[in-house]
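Visitor: I'd like to go through this model with you. Can we start with the rings and the charges?

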Amino acid sequence: MEEYIVSARKYRPTTFDSVVGQTALTTTLKNAVKSGKLAHAYLFCGPRGVGKTTCARIFAKAINCLHPTPDGEACNECESCQAFNEQRSLNIFELDAASNNSVEHIKALMEQTRIPPQMGRYKVFIIDEVHMLSTQAFNAFLKTLEEPPAHVIFILATTEKHKILPTILSRCQIYDFERMTLADTVNHLKRVAEKEGIQYEDEALSVIAEKADGGMRDALSIFDQATSFCQGNITYKKVIEDLNVLDADNYFRIIDLSLANKAADIMVLLNGVINKGFDGGKLIVGLAKHVRNVLMAKDESTLPLLEVSEQMRERYRTQAQQCPIPFLYKALKLMNQCDVNYRQSSNKRLLVELTLIEIAQITQPADSDTPGAGRQPRRLKSLFRNLVRQNRPATKAPQVASAGTHLAERHAHATAATAATETATNETKAPAQPATTYDKAHRPVLKNGKEALGYSWSNLRQAAKPRKMQVIPGSLDANDPNAKPKANENEVFSQQDLELQWMSMCNRMPQQFSGVAARMKNMQPNITNFPNVEVLADNQLVYDQVNEIKNKIAATLKIYLHNSFIELSVRLAEQKEQVKILTRREQFEEMSKKNPALEKLRQLMELELA
């Protein structure tokens, strides 16, 4: 049986032309051999598996070749080349600095530099992983490196250039090796597969190249592993199974489901991925890379930045046409936050689930109950809104008449608020009539003709809504500062109407009047001699503040009470008229004393006073 040799050794380059992905470097080295302009020290640096040591050996053989080709390559026929190929050359020494990093090892090496070569022109010393030398060894090596014998050339190789002393770097010609591109790696794997008689799929080789992360040696090692698993037929499905790589179809599906706002389907997909043994954090990282590729595929000028096969590039281009750019930016931001917080999270799966849910809701319309005034709270939207709509019965929902809390009268004059609800019991009856109607004083009246116990918030908003009109400049209406009433309006209004509009006015007052508005809510306007209104101020401070805007208050009341003859006066309360301001709990206790049914309602509904 023929001895098996791994592909990384069997197909190791032996000439400059067979080196993959380092064209600029190999051309420079060949030109140096042709011209005979050789430096005394070279430094080859770059990531692992990109050909540093291989190029050092090819360069050392070419330097000592007795009959180099016109292109600067070794002839592979002279005695020096034959000795090198058979590993018996006395002119080329290779030292591993990882295991020979002491001062004594370097001194022994320096002793050998004194002996001239017995065949060829140069003695070449290749020191691999040179960054592993100790500081003392570097210092011992420095003097020889600065003034070496004419027949000596040093070739240093390292993966961590930053660990080498600057005094060493300044005495070397530095060559930076690049990572292998995906296309170069795939093309080399195709050549190896064809020489070995192995069938393959382009997508499978692309997965191997991506897994190698720019290292040709790693790519060939993974190729051997996949070959053993696939038994001579390397397919995409078998490669992702063997290498435990998440199928790219999962990323495409997640983005498609997110655009359709199908968060529930994404949760099912995530559960399947986790059950296969994949980590949620790796899913987020892979999805972030996928979204980045989709973003690059939006523009033809950035499409070449995708290190994928042509078939996969076309899939990215197709999906990019469906994805809005704001969606991609927001998704990348969410996944970056998840990646940053993943290690610190105690419930990692929940963090991944919440991130995917938020991504699925980026394009979902905002909930209808989102608070106004420009506030957009950071919260999750309804997950199953479409499902609820599909399952909702076709018949109309029963009408509900609700009367909520009545505006509390000041201190001891407050009245109770109860809920009045009437539900339709037979859906086959005539179409439901409006739940409530409003009399002139805006008190809610149920459809059975009985008066409700109080107001609901919707009742208050409807009752407080002004009729269509234009307004006086200088009113306190924050919504329409230019409104003015009709001239000579003289509608009758009650004490209850006055209190309702007073409280509504306080709630609508602009931000600059927020302080006085809070104090006015505790004040009681009274009709003294219709339509004259008097307001009692508890102290001098409140009196002065209200008196300053008295005309604006009067103008606002004229608008909403539809009476242009209202006169407002502000009076400072006397000592006997001053009443203690009650807390919310004290107000509720006073209301309960006047209306025991309110306390029964609280107990029945198990309510607590906030």
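Visitor: What lies over the face of Y342?
Guide: K348 does, at 4.9 Å from the ring centre. A charge sits over a ring if NZ of Lys or CZ of Arg is within 6 Å of the ring centre and within 35 degrees of the ring normal. This is a predicted model: local features need pLDDT of at least 70, side-chain atom pairs count only at pLDDT 80 or more, and totals for chains, interfaces and linings use all residues. Residues are numbered from 1 along each chain as its sequence is written, and side-chain values use heavy atoms, with hydrogens and water left out.

Visitor: And which charged end sits over the ring of Y560?
Guide: That of R508, 3.9 Å from the ring centre.

Visitor: OK, ring on ring. How many aromatic pairs are there?
Guide: Nine. Rings of Phe, Tyr and Trp (its six-membered ring) pair if their centres lie within 6.5 Å; planes under 30 degrees apart count as stacked, over 60 as edge-to-face and the rest as tilted. One of the pairs is F44 with Y175, edge-to-face, with 5.6 Å centre to centre and 85° between the planes.

Visitor: Where are those two in the chain?
Guide: F44 is in strand β1 (residues 41–45) and Y175 in strand β5 (residues 173–176), 131 residues apart. Strands (E, at least two residues) and helices (H or I, at least four) are DSSP runs, numbered from the N terminus.

Visitor: Are F44 and Y175 buried or exposed?
Guide: Both are buried, meaning under 20% relative accessible area, against over 50% for exposed and in between for partly exposed (1.4 Å probe, protein chains only). Ring pairs also link Y42, F44, F59, Y175 and F177 into a cluster.

Visitor: Which residues have the most contacts inside the largest nonpolar core?
Guide: F44, I208, F223, V239 and L356, in a core of 96 residues. A nonpolar core is a set of buried Ala, Val, Leu, Ile, Met, Phe, Trp, Tyr and Cys residues joined through side-chain atoms within 4.5 Å. Apart from it lies another core of 24 residues, including M505 and F513.

Visitor: What does S89 touch?
Guide: A83 and F84, not counting residues up to four places away in sequence; contact means heavy atoms within 4.5 Å.
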